[in-house]
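Thanks for coming, everyone. I'd like to walk you through one model today, so let me put it up on the screen.

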Amino acid sequence: MNKKMLTKKIDFAIIIGVRNANPNGDPLNGNRPRTDYDGYGEMTDVCLKRKIRNRLLDMGESILIQSDDYKKDEYPDIKTRYEAEMGKPNKDDKTSEKAKIACEKWFDVRAFGAVLAWKDGKSPNQVSVSIPVRGPVSIQSAFSKEPIDITHLKITKSTSGDIGGEIKGSDTMGDKHRVDKGIYVIYGSINKQLSEKTGFSDDDAKTLKEAMLKMFENDESAARPAGSMEVIKLIWWTHTEKTLSSAKVHRSLHVNADGTYTLDDIGIKTEEIDGE
């Protein structure tokens with residue numbers, strides 16, 4: 001890991017364009033695109049960090065929290081991956097030392113943090129070992145600039161199947177949902193003080209920036225066809241003051257419903273990068 005620590009506090013915003021896709025389905029609502037109570041589209045921070053982790057894997061970075069359908073190693077779960085690299089934890093371990101080593105090994109741990117917990121085998125509800133890491137990179141949920149229109153489609157299966165012992169015909173009906181079009185905005189920041197604890201460096205920040213620009217590459221699915229989602233613009237603010245309000249920085253960006261935007265001059269370095 002590069003030992004040159006993060007030299008400046010960073011804030012960022014990402015403008016995302018969606019067309020005929022389901023950005024983030026809600027499993028508790030028939031996998032409809034997520035919305036808030038006012039009808040604005042939402043993508044959760046968990047969904048966004050999953051995409052970023054996948055792109056980091058594509059870039060050759062070491063990632064601890066990998067999804068079952070996008071793994072780059074032979075380990076079946078996080079616990080097995082951790083123990084293969086770090087050994088099985090015990091109560092006598094110094095958690096601060098274990099956390100430091102975990103940050104050195106895995107990009108996502110030193111960026112986003114993690115709570116690495118192991119339960120006592122004799123008591124399933126009791127955690128015997130817990131290694132907390134508070135990461136410097138925070139990402140908010142993304143919200144659309146206007147309430148979204150959701151198209152609901154009825155679809156049929158093209159082949160029959162045996163589900164639960166019951167034969168389903170090829171005309172079995174199903175549902176599919178999509179957002180016809182929308183502009184979403186993500187806000188986030190990188191905390192300089194926390195980066196000093198996890199070892200997150202300037203080079204790590206550059207790598208993270210590249211991964212965010214490629215967030216929707218190699219992310220195609222039936223719900224998100226190729227080209228249906230894109231990063232339109234990444235705005236990257238860097239400043240030397242550790243405690244400058246991120247809210248003030250984020251408020252300086254004004255995004256319109258068509259994806260155009262304006263920026264207030266708040267006296268710090270701003271980089272505007274086109275998406276891929």
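I'll go from the strands to a helix, then the cores, and finish with a few loop and backbone details.

Quick housekeeping. This is a predicted model, so local features need a pLDDT of at least 70 and side-chain atom pairs count only at pLDDT 80 or more, while totals for chains, interfaces and linings use all residues. Residues are numbered from 1 along each chain as its sequence is written, and side-chain values use heavy atoms, with hydrogens and water left out.

Okay, strands. When I say helix or strand, I mean a DSSP run, H or I of at least four residues for helices and E of at least two for strands, numbered from the N terminus. Two strands pair if DSSP finds at least two bridges between them.

Have a look at E12, residues 173-190. E12 runs antiparallel to E1, and 11 bridges join the two.

Now helix H1, residues 45-58. Its 14 residues reach 20 Å from the first C-alpha to the last, close to the 20 Å expected at 1.5 Å a residue. That expected span is 1.5 Å times one less than the number of residues.

How many of H1's residues are buried? It's 10 of the 14, so to speak mostly covered. Buried here is under 20% relative accessible area, exposed is over 50%, and partly exposed is in between, with a 1.4 Å probe and protein chains only. The buried set includes Cys47, Leu48 and Ile52, but also Lys49, Lys51, Arg53 and Arg55. What do they pack against? Strands E4, E7, E8 and E12, plus helices H4 and H6. Just past the end of H1, glycine 60 takes a positive phi of about 90 degrees.

Let me stop at arginine 55, in H1. It counts as buried because its relative accessible area is 3%. Where does the side chain go? It reaches the backbone oxygen of methionine 215 at 3.1 Å. That's a polar contact: N or O atoms within 3.5 Å, where, within protein, one must be able to donate a hydrogen and the other to accept it, and residues adjacent in sequence count only if both atoms are side-chain atoms. Leaving aside neighbours within four places in sequence, arginine 55 also touches residues including Tyr70, Glu217 and Asp219; contact means heavy atoms within 4.5 Å.

On to the cores. A nonpolar core is a set of buried Ala, Val, Leu, Ile, Met, Phe, Trp, Tyr and Cys residues joined through side-chain atoms within 4.5 Å. The largest one has 40 residues, and among those with the most contacts inside it are Ile14, Ile52 and Met215. E1 gives the most to this core, six residues. A second, separate core has 14 residues, including Tyr82 and Trp106. Back to isoleucine 14: not counting residues up to four places away, its contacts include Tyr184, Met212 and Val231.

There are three aromatic pairs by the ring rule. Rings of Phe, Tyr and Trp (its six-membered ring) pair if their centres lie within 6.5 Å; planes under 30 degrees apart are stacked, over 60 edge-to-face, and the rest tilted. Phenylalanine 12 and tryptophan 236 have ring centres 5.8 Å apart and planes at 20 degrees, so they're stacked. That pair links E1 to E13, 224 residues apart. Phenylalanine 12 is buried at 0% relative accessible area, and tryptophan 236 is buried at 4%.

Last bits. Asparagine 20, in strand E1, has a positive phi of about 55 degrees although it is not a glycine. Asparagine 31 does something along those lines, with phi near 60 degrees, in the loop between E2 and E3. Alanine 223 is in the loop between H6 and E13, and touches Ala21 and Asn22, not counting residues up to four places away.
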